Amino acid sequence: MAKIVITGGEVLNGEVQISGAKNAVLPILCATLLADSPISIGNVPHLHDVTTTVELLGALGAQLTIDEKLTITVDPTHVNQTVAPYELVKTMRASILVLGPLLSKFGHAEVSLPGGCAIGSRPVDQHIRGLIALGADVVVENGMVKAKANRLKGGRYVFDMVTVTGTENVLMAACLAQGTTVLENCAEEPEVVDLANCLIMMGAKIEGAGTNKMVIEGVDRLHGGHYDVLPDRIETGTFLIAAAMTGGRVLAKRTRADILDSVLLKLEDAGAQINSGEDFIELNMNGRRPKAVSLTTAPYPAFPTDMQAQFAAMNCVAEGVGVIKETIFENRFMHLNELSRLGADIRVDGHTAIIRGVEQLTGAPIMATDLRASASLVLAGLVAKGETTVDRIYHIDRGYENIEEKLGGLGAKIRRLPG
Ligand SMILES: CC(=O)N[C@H]1[C@@H](OP(=O)(O)OP(=O)(O)OC[C@H]2O[C@@H](n3ccc(=O)[nH]c3=O)[C@H](O)[C@@H]2O)O[C@H](CO)[C@@H](O)[C@@H]1O
Ligand SMILES: C=C(OP(=O)(O)O)C(=O)O
């Protein structure tokens, strides 16, 4: 299995180009199934999850072309399959996002219950109940979600909890339903808004994206066009933390500060100087050691669970004690054991981690357990004395484009050992 080897101790300095957001491009690629003419998607990140989605859409009969800039054009007019088997969806949580579009467009969908990061049980009951509220007939049998409907009808659904992909699935389904759908307690994440903007470009009638209530007026058809995916706020935050942990300065380009408020505030609490403009964020630590920060994860616009592991890594070397509460996923502390193997001082009490910063971590072989855990281990390796080898690095390739090249460009001593 491929590994990443890092020799810690370099102060990061320089510019990094941020890629398109994984959690926006995946639903948007699935939304192309709804169109009745070709649609091209730009600012696509080169990620394993994108390849998986492309393979999935291809297996459903869509014709895809990818140019040298990684713009993906999907022609969904030849889709002739509405079954997404386990073999195709097992590595990626987001594959459940073909359920809503297939059902809405073709009246039938069978999608295997998804895999993805092992960070919690991650049920899809809200996706199913939302589709039932639109008139679908849904059963779960042999690990498959099987849904059918002649034509979905507008309805009202109040999500039990804020769910990002749940909101996206039901939103996509509602676009081609007959009549008006009202969705409440919706996720307000920027990636949901990006999906809604893409659907609107395709002819959908959606109001309220980015608030907790969306009203969707169903239309008879959606068309193609072109859409550029928004920048990845989690990748951005990860590079800014790399600068903060190493006492360095990083200019993240082609990104957006307005979707990172809660993260930037915590970085300022850690002592970072932040300067941002329309499409860049610069973080300067001026050689200082970060101060520990306390945080609680919650749905957007509060602090994102996808940045929790990276802040845990920063707290390991920060001055003082930081208390981290994870409220979204029940099993998202697996990085903490590995960080302890580097010498971190961490106490876990249920869903709370109390981290006392140490002066120096020391390199060791460690194991990545999920996507953001992997990122946090790489960050820790940047500041650990000597060599850190992060095994099972395939997790990181699901969500970070060329992470070792980008960190290397900022001065990190990092290399990949092929498996
Ligand atoms: C591809 C994608 O966009 N992934 C993101 C998405 O995951 P994902 O959409 O899977 O996460 P959700 O927002 O759905 O999960 C939030 C919480 O709701 C629970 N839940 C969710 C759906 C459901 O039907 N029933 C239920 O109980 C989950 O177990 C979890 O405790 O949002 C998460 C929370 O911001 C992020 O960490 C993931 O990076
Ligand atoms: C948990 C994540 O991804 P997924 O939902 O695709 O497993 C993530 O992006 O941190």
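Which residue of β9 does S112 stand opposite? The residue is M144. This is a predicted model, in which local features need pLDDT of at least 70 and side-chain atom pairs count only at pLDDT 80 or more, while totals for chains, interfaces and linings use all residues. Residues are numbered from 1 along each chain as its sequence is written, and chains are lettered from A and ligands numbered from 1 in the order in which they are written.

S112 and M144 belong to two strands, β7 (residues 108-112) and β9 (residues 144-148), which pair in the antiparallel sense over five bridges. Helices (H or I, at least four residues) and strands (E, at least two) are DSSP runs numbered from the N terminus, and two strands pair if DSSP finds at least two bridges between them. In general, strands of a sheet pair through backbone hydrogen bonds, either parallel or antiparallel. Both β7 and β9 sit in an open sheet of four strands with mixed pairing and the order β6-β7-β9-β8. Its edge strands, each pairing on one side only, are β6 (83-84) and β8 (137-141). Helix α4 (residues 99-106) lies across β7 and β9 and runs at about 160° to β7. Axes here are lines fitted to C-alpha atoms, for helices over the stretch in contact, and angles run from 0 to 180 degrees between N-to-C directions.

A second open sheet of four strands, again with mixed pairing, has the order β2-β15-β17-β16. Here β2 (13-17) and β16 (273-277) are the edge strands, each pairing on one side only. Neighbouring strands of this sheet are turned by 15° against each other on average, direction ignored. Inside it, β15 (residues 249-253) and β17 (residues 280-284) pair in the antiparallel sense over five bridges, with V250 opposite L283 in β17. Helix α8 packs on the sheet, touching β2, β15 and β17, and its direction makes about 165° with that of β15.

The axes of α8 (residues 233-246) and α12 also come within 9 Å and cross at roughly 25°. That makes α8 roughly parallel to α12, a term for angles under 35 degrees, where over 145 is roughly antiparallel, 65 to 115 roughly perpendicular and the rest oblique. The contact is made by T238, I241, A242, M245 and T246 of α8 and A375, L379, L382 and V383 of α12; two residues are in contact if their C-beta atoms, placed from the backbone, lie within 7 Å.

Helix α12 (residues 371-383) has another partner in α11 (residues 334-341), with axes that come within 9 Å and cross at roughly 20°. These two helices are therefore roughly parallel to each other. M334, H335, E338 and L339 in α11 meet A373, S376, L377 and A380 in α12.

Next comes strand β19 (residues 321-325), which has a covered face, G322 and I324, and an uncovered one, V321, V323 and K325. In a regular strand the side chains alternate between the two faces of the sheet. Two bridges join β19 to β18 (residues 295-296), and these strands run parallel. T296 stands opposite K325 in β19. With β21 (residues 352-356), β19 pairs in the antiparallel sense over five bridges, and there the bridge partner of K325 is T352.

A residue is buried if 20 or more other C-beta atoms lie within 10 Å of its own, exposed if 12 or fewer, and partly exposed in between, with C-beta atoms placed from the backbone.
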